[in-house]
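Here is a short note to read beside the model. Take the points in order and find each residue as you go.

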Amino acid sequence: VRNKTNQSSNALKPKHREANEKSDEFCFRPFFFSKAYLIDAYWTPPTTNHFPPTSLSSPSLKVQATTLMAHSNIVHNGDFSDGLEPWYPNACQAFVVSSDSGYAVVTNRKETWQGLEQDITPQVSPGVTYNVSACVGVSGPFHESSQVLATVRLERDDSPTEYLFIGKTYASRDKWVDLEGTFSISNIPDRVVIYLEGPAPGKDLLIRSVTVKDSTSCDFQETEENKAAFSVYPPALNIIENHDFSDGLCSWNSNSCDSFVVGSNDCNSESYAVVNNRSETWQGLEQDITDRVSPGCSYKVSASVSVWGPVQRSAQVLATLKLEHQGSETEFKLIGKTYVSNDVWKTLEGTFALSGRPDRVVFFLEGPPPGVDLLIKSVTIHCESDNQFERSRDFSSAPEAAHHHIFLNSSFSDGLNHWSGRGCNLMLHESLADGRILPHSGTCFASATERTHKWSGIEQDITERVQRKLIYEASSVVRLSHSHHTVQATLYVQYLDQREEYIGISSVEANHDDWVKLKGKFLLNGSPARAVVYIEGPPPGIDVFVDHFEVKPAEKPPPSRRPYIESHVFGMNIVSNSHLTDGTIEGWFPLGDCHLRVGEGSPQILPPLARHSLRTTHEYLSGRYVLATNRSGTWMGPAQMITDKVKLFLTYQVSAWVKVGSGGGLTCPQDVNIALSVDGKWVNGGKVEVKDGDWHEVVGSFRIEKQAKKVMLHAQGPSPGVDLMVAGLQIFAVDHKARLSYLKGQADMVRKRNVRLKVTGLDPNELSGATVKIRQTSNSFPLGSSISRSNIDNEDFVEFFLNNFKWAVFGNELKWSWTEPEQGNLNYRDADEMLGFCETYNVETRGHCIFWEVESAIQPWVQELSEPTLEAAVENRLTDLLTRYNGKFRHYDVNNEMLHGSFYRDKLGFDARAKMFRTAHELDPLARLFLNEYHIEDGFDSRSSPEKYIKLVHKLQKKGAPVGGIGIQGHITSPVGHIVRNALDKLSTLGLPIWFTELDVSSVNEHVRGDDLEVMLWEAFAHPAVEGVMLWGFWELFMSREHAHLVDADGEVNEAGKRFLEIKREWLTFVEGGVEDEGGFEFRGYHGSYVVEVVTCEGKYVKNFVVEKGKSPVDVIIEL
């Protein structure tokens, strides 16, 4: 081989390693020998001859065969000219359309991963990089684009299956697009399969051609033309020092981790850095480039990166810029990202520009999960500006590009040009009120005067300058002529089909005395025919002053890093002298002018939920309590400072015994609240209603996410003059990970079932050595999300939704205030279109809601109706809605939040509530009818305790209401599993199915948000009475709460979203093994749909089956 290679072309030489002139020894990459071996041992000439069979007859031609294969397509029948052979549809169906150029159609797809695959094991070699190219399309009822992915599956008998991501593209109906990517494998597994997947279920995947070629010819050939061009056009100056690590780690610093350089050797002249001992995703390698960058320049970044370590499929690598400013917070800019697998080098690319000059500019690479090493081969940063060498280093600032500012004349420097009044007049002022009202900035401000409606205000049309699926930030400074009211920035959108939408951007409480800042973000899902931003809010007659009003693309914040929490002990009470063991109140002080002393006669055991969380039964209390007397305000009671004891981002459980005295003429139930004052801001720690002379447990939780100067704990709540007693107050950090291990064991009992497979149709000899691979394709536990009409115009939203949810609930579009905002003006268009979307994709739906008991949520015309006309309107609402959608919605929330509102009960009597249920059941007997409430599960609200919810259900049932289910909204902060479980246990005594109907969790840190979501999903999944979970959204800017989203507005899944996807994967069962002699195979798996693959000496057999709920084993017969 060596002698033959000396005569071959330079294409066989690595371009970075020339032959040793003094020896016939060459330094080859190992795969050359591996490929020659593979050809000799395994390769069989395909029917379409890439070279004559005689090429194998002579040993001297083996390397030549290798060279030819590098230029040929290793995928057989890549253009489908021979039908489907040897392609295989993965748990779906496929056929080939014959025309001038044939193509494959993959249809009857129920999951995104279903597609077309081909076994390429004999054709691939380790160490080789393969270029993949495919021409693909999609077909389906909707026109939005869909994601198509190319993937390689590596199967090994002795380890889990591995998946390598090759590349992806977005394809639309009636349009072919190219999908390209690369892959490489470090060693040959038992089986290598390439497949195409990705579009949403229900969409057909179309494939015109697939090619996979060895890239070595491109890697090792350098033409004379390229060399000449390179000499004429020299590369731009790389501002990164020691970019290829040829000088070790000189100029580089490792960020809170370790690093070293792997030097060159005889077979590879390229060095690379290894960043190891990483305990956080943000740890990596950095370089200070402050003196080498200039404001106004655009810089292009390129880095060759890889990873090594426990990576299942691929790991994210990020290029980031850290901008340090003296006197202000450090800013992080994401430059670019890529996904890499073990031993595969990828190029990470991106750009950045500086608008000003920070005190320090640091470039760094980060991203893989903790424990995974980051490998870096080279880094280049080039200035893309034509005049980069002429640009002044002293250039201190650069104006942003004009297209960055969506508003024109935002500071009124050009008068009122581009602005108009929406139901009002506009005026420009240098000052008002004899100089007492001056511009906040600049020389003038505008006022919206003679306003005729609350929606009247200053506006600007941005139709021609706004883009869909791009996040914008709106900011203004506002003030009122008199009084104080809410001022809101709103986006009005009219679409091509005349549909209208109003999007609230932000709101602020404004007043006459000073300027206040109004700031928020928005995003358009669809393409607008008209888009207008305006300011509204105060009642007519109040002028709104606007100092400036800007709208521009929002900068994306850097990804969250898991917070570092100093040493702490889970389960340790941070309250001083909570047991009052020595009989003194040391550590406590009176909040207000009340008096404190120690009393005797309180319970001598811990409160129940404290015992459950701490898993202890042996700790006893002293029987003493803190007594607060002479209380002249509800906020007065015992208090103590806990500033130094509270750790940021830890969840703390609160539990205490409380009791009230009979002073102050006590005649009604009293609220007792354990609260915190965090730098003067009230934080709820739990609330309970006390209406007798007994001791009650108050339970709750809290978390602090911003460093506070003062944190005070205090008890409060009862009316002035009523004595307050507190005993055994416990506040301790909760370890949710310890809870998860218990919940997974519970889920195994509740959500799994034993399965007995029986393979028949073959004799025992044919079954010898047979294997089975069982993959669960979906879990039957219902999981859904709320959606809005505009969401389904965003193909990225639709893709994530259909990939991850089987149920939908409409956020607003089915509410009475939406479908009939004015009496007789019915609007079912949005609900019809959303229901059509769900029916197309086989998504089940919940109807939310028929009525809403809270007065502030009821449209004005309904509030103004007299009793007889209101009763008729209620009847019409029921008839219109449930007749129109008869049989369409599986569930209905009949009368939302009856524990928090009483509009219909006060107007029509309690029986009106029960009548709503009765009439709804008569109109749509198949729909399950739910109650729906919030704060049931967290102890935060004394109005909506589990006990009160149970009492409400019983009252409705006594009135003949066919209650079919219990809805827990689940808008929860700092959840504690034991508290949630306690509420579920109490509600389960009703014998009705429980659903979390509007679940969301909120934290500024995405990792902590993911922890909270994990707690809630596992608590629901592990409880036998819970039959489904609906998230109240997942997409940024389309959530009811801030810092609750799982997917950023640009479609990137954040850390909380990644945790959600991991949980979903944990709810799937994957099993493989050998078939017993009698053809049996047993396993225990989650309820849901499965695909089983049986491989025998006769071939491979695939069968779908379903594991339903049940306690006895389920038998699955596989007839071969």
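1. Start with E324 and K322. Their side chains meet in a salt bridge, at 3.8 Å from N to O. Keep in mind that this model is predicted. The two partners fall into separate burial classes because the cut-off for buried is under 20% relative accessible area. K322 has 13%, so K322 is buried. E324 has 23% and therefore counts as partly exposed.

2. How many salt bridges are there by this rule? The count comes to 56. The pair E324 and K322 is one of the salt bridges. A few others deserve a look.

3. Find E366 and R561 next. They form a salt bridge, and the closest N and O atoms are 3.5 Å apart. This pair links distant parts of the chain, 195 residues apart. E366 sits in strand β19, residues 360–366. R561 sits in the loop between β30 (544–553) and β31 (589–591). E366 is buried, at 5% relative accessible area. R561 is partly exposed, at 24%.

4. Now go to D497 and R829. Their closest N and O atoms are 2.9 Å apart, in a salt bridge. D497 lies in the loop between β26 (485–495) and β27 (500–510), and R829 lies in helix α11 (residues 829–840), so the pair ties together parts that are 332 residues apart in sequence.

5. Some salt bridges share partners. In this way E117, D119, R153, E155, R191 and K773 are joined into one network. Trace the network residue by residue.

6. Turn to the backbone. Where are the cis peptide bonds to look at? One runs from E85 to P86, with omega near 0°. P86 is in the loop between α3 (62–71) and β1 (88–89). Another joins H848 and C849, with omega about -15°. C849 is in strand β45, residues 844–852.

7. Check phi as well. A91 is not a glycine, yet its phi is positive, near 60°. A91 lies in the loop between β1 and β2 (93–97). A91 is buried, at 18% relative accessible area.

8. L580 also has a positive phi, near 55°, and is a residue other than glycine. Its place is in the loop between β30 and β31. R561, from point 3, lies in the loop between β30 and β31 too. L580 counts as buried, at 1% relative accessibility.

Note on methods: Residues numbered from 1 in each chain as written. Predicted model: local features only at pLDDT ≥ 70, side-chain atom pairs only at ≥ 80, totals over all residues. Heavy atoms only, no water. Salt bridge = Lys/Arg side-chain N within 4 Å of Asp/Glu carboxyl O. Buried < 20%, exposed > 50% of the residue type's maximum accessible area, 1.4 Å probe, protein only. Helix = DSSP H or I, 4+ residues; strand = E, 2+ residues; numbered from the N terminus.
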